[in-house]
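Dear colleague,

I am passing on the structure we spoke about, with the sequence alongside it. Please have a look at it first, and then read the notes below.

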Amino acid sequence: MIYLEEIAQQCFFTGKDSELFLDKTTEDVWRVSSNPKYRNPDMSMDEALELEIQHQFIRLPKARDMNEIEIMDEYIDFVPENIQRDLAGILRQPLPFQPYRSRLERARLLDDYMAYRIERGADILADWFEEHEIDCFHQIVPANLSSAYLVRKLTDKDAPKAARLQKKSVRQVRTELYKVPENALLDQKFYIGYFDGESLAAVLDLVLDFPKRGTARIITLEGNQAASLLPELEKELARAGYAHIEIESKKADPWQDHGYTILKEENGTIVLGKEQELPEEEYVPEFEEQSEWTF
């Protein structure tokens, strides 16, 4: 799958000695260089150009095509006024990148800017992929799935907690951590926990682009008032471009109350579905607006 945020991150790190090529058949991204001193390229430029001639490879935008100066200028609107003046002055310098980031780091806003840069880079790439008629998707961000819980991917260490919550064995949970449906890949899967402090409140097993592209299939959503987690989950999936959501469940009632309808039954499991509108994207800074800022 082509996830825009992943490719944007890589594009921003290209330079005069490196380029990125997309294999249109496998959707793999290859880092390529013609400079013999470049460390560990995936292949040589001659090899990549030959595959480009064969229409298997296509060259991706480089860092200069991502218009970072414009992104830096846009971001100024989201910071306090005293920092706006500093950043505007820095942008008039010949090489503003490092001073700009240093000023944001002092203001504790660098992480927020880097997230904004990836978000805007993904938007730029979305237009590029649309122009070249190549399917692509946004990634989901686990932290965006709930305002009430700490949300993160589960690991083997979390298996005992997940087992107690779901009344399963630890072995079953550890198997489910890596189990994907037929014709799906592991990088499409998100096995996620909702934490209230140290306590695990809910488990989400989500597979993207399954059973077809543009569909998000919820294999499991289980825990305390699990259905109440749907609105924020749906919102994040909509932001990532998933208009169709499906849920596997033994019971239909909890999900029908949220607008899901029964699509079919598979081996005693009900599959419900719902269509949702995709929103227009709007950036919201992570920090809270304050009347006075001191840095």
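This is a predicted model: local features need pLDDT of at least 70, side-chain atom pairs count only at pLDDT 80 or more; totals for chains, interfaces and linings use all residues.

The protein chain holds 10 helices and 11 strands, and its C-alpha atoms fill a box of roughly 65 × 60 × 35 Å along the principal axes. Of the 295 residues in the chain, 45% are buried, while the chain exposes about 17,000 Å², of which carbon and sulfur atoms supply 47%. Where residues at least 6 apart in sequence are in contact, 58% of those contacts join residues at least 24 apart.

Turning to the sheet, four strands form an open arrangement in the order β3-β2-β1-β4, and their pairing is mixed. Strands β3 (43-44) and β4 (57-59) stand at the edges with a single partner strand each, so one side of each is left without a neighbour in the sheet. Strand β1, residues 19-23, pairs with strand β2, residues 29-33, in the antiparallel sense over four bridges, and Leu-20 stands opposite Arg-31 in β2.

As for the helices, the axes of α5 (residues 97-106) and α6 (residues 110-131) come within 7 Å and cross at roughly 130 degrees, which means that α5 is oblique to α6. On the α5 side the contact is made by Tyr-100, Arg-101, Leu-104 and Glu-105, and on the α6 side by Leu-110, Tyr-113 and Arg-117. The residues of this contact between α5 and α6 divide into four nonpolar and three charged, with no polar ones.

Conventions
Residues are numbered from 1 along each chain as its sequence is written. Side-chain values use heavy atoms; hydrogens and water are left out. Two strands pair if DSSP finds at least two bridges between them. Helices (H or I, at least four residues) and strands (E, at least two) are DSSP runs, numbered from the N terminus. Axes are lines fitted to C-alpha atoms, for helices over the stretch in contact, and angles run from 0 to 180 degrees between N-to-C directions. Angles under 35 degrees count as roughly parallel, over 145 as roughly antiparallel, 65 to 115 as roughly perpendicular and the rest as oblique. Contact means heavy atoms within 4.5 Å. Ala, Val, Leu, Ile, Met, Phe, Trp, Tyr, Cys and Pro count as nonpolar, Asp, Glu, Lys and Arg as charged, and the others, Gly among them, as polar. Buried means under 20% relative accessible area, exposed over 50%, partly exposed in between (1.4 Å probe, protein chains only). Accessible areas come from the Shrake-Rupley method with a 1.4 Å probe; for residues, only the protein chains shown count as cover.
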